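Please keep the sequence and the structure at hand while reading.

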Amino acid sequence: MRAFFILLMLILAIPLRANPLDAARAPGAIVLMRHATAPGTGDPAGFRLGDCTTQRNLSDAGRAEAQAIGARFRAEGITFTHILTSEWCRTHETAELLGLGPVTPFTPANSFFSTRADESRQTAEVLEWLSAQPKEARVLIVTHQVNITALTGVVPQSGEVVIARRSGQRMVLVDRLPPP
């Protein structure tokens, strides 16, 4: 009986993990989402923006992931002031399938996977755009692993949501929501 009591006390002493989407609900939240599952790495040689047939695209599983993530945001009542996406087909399709509102292409969110020379400039442009938004604006940016890593230091999985907040001219990690 004593062992049971000690075990019960230990269980009660462990705090329950908060819902990661509580952080996304907060005014001023910056929600970065890596596009849903698109098999492969990078893009095929000769890919072109605006021509999805030349790009790596979402799989059926990736489409289902995006829809499930969007359903979770809707169930939690989370809305966004802006929903931005890179110009790659897999990010734009992910953003559309979330079903959270109008999606706006945002060039600074474009991948620099194959052109690392653009990393500093694009990261600075994202931060500059964010700093021009009202402090209470809640922003969702659907982008790529390299962009999220440059902004937060996090290497997200496909379909993962990274929640951050602005702190001066940088972003601070608040929480993460793993893919479904």
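Which residue in β3 is the bridge partner of threonine 85? The model discussed here is a predicted one, and in it the bridge partner of threonine 85 is proline 105.

## The sheet

This bridge belongs to the pairing of strand β2 (residues 82-85) with β3, which runs in the parallel sense over 2 bridges. The two strands are part of an open sheet of 6 strands, ordered β3-β2-β4-β1-β5-β6, in which the pairing is mixed. At the edges of this sheet stand β3 and β6, each of which pairs on one side only.

## The chain as a whole

The protein chain holds 6 helices and 6 strands, and, read from the N terminus, these elements follow one another as α-α-β-α-β-α-β-α-β-α-β-β. The C-alpha trace spans about 70 × 40 × 30 Å along its principal axes. Of the contacts between residues at least 6 apart in sequence, 65% join residues that are at least 24 apart.

Of the 180 residues in the chain, 44% are buried. The chain exposes about 9400 Å², and 59% of that area is supplied by carbon and sulfur atoms. As for charge, there are 18 positive and 16 negative side chains, and the centres of these two sets lie 7 Å apart.

In soluble globular proteins, nonpolar side chains tend to be buried together. The largest nonpolar core in this model has 19 residues, and those with the most contacts inside it are Val31, Phe73, Phe80, Leu140 and Val161. The elements that give two or more residues to this core are α2 (21-25), β1, α3 (60-75), α4, β4 and β5, and α2 gives the most, with 3 residues.

A second, separate core has 17 residues, including Phe106, Val126, Ile148 and Val154.

The buried residues of α4 are Cys89, Arg90, Thr91, Thr94, Ala95 and Leu98, and what covers them includes β1, α3, β2 and β4. Just after this helix, glycine 99 takes a positive phi of about 65°.

In helix α6 (residues 145-152), the buried residues are Val146, Asn147, Ile148, Leu151 and Thr152. The cover over these residues includes β1 (30-34), α5 (119-131), β4 (139-143), β5 (161-167) and β6 (170-177). Just after α6 comes glycine 153, with a positive phi of about 85°. An α-helix has 3.6 residues a turn, so residues three or four places apart point the same way.

Along the chain, proline 102 and histidine 82 are 20 residues apart, while their C-alpha atoms are separated by 8.1 Å. Histidine 82 falls within the residue range of β2 (residues 82-85), the strand that pairs with β3.

Notes. Residues are numbered from 1 along each chain as its sequence is written. This is a predicted model: local features need pLDDT of at least 70, side-chain atom pairs count only at pLDDT 80 or more; totals for chains, interfaces and linings use all residues. Side-chain values use heavy atoms; hydrogens and water are left out. Helices (H or I, at least four residues) and strands (E, at least two) are DSSP runs, numbered from the N terminus. Buried means under 20% relative accessible area, exposed over 50%, partly exposed in between (1.4 Å probe, protein chains only). Contact means heavy atoms within 4.5 Å. Accessible areas come from the Shrake-Rupley method with a 1.4 Å probe; for residues, only the protein chains shown count as cover. Lys and Arg count as positive and Asp and Glu as negative; His and the chain ends are not counted. The place of a charge is taken as NZ of Lys, CZ of Arg, CG of Asp or CD of Glu. A nonpolar core is a set of buried Ala, Val, Leu, Ile, Met, Phe, Trp, Tyr and Cys residues joined through side-chain atoms within 4.5 Å. Two strands pair if DSSP finds at least two bridges between them.
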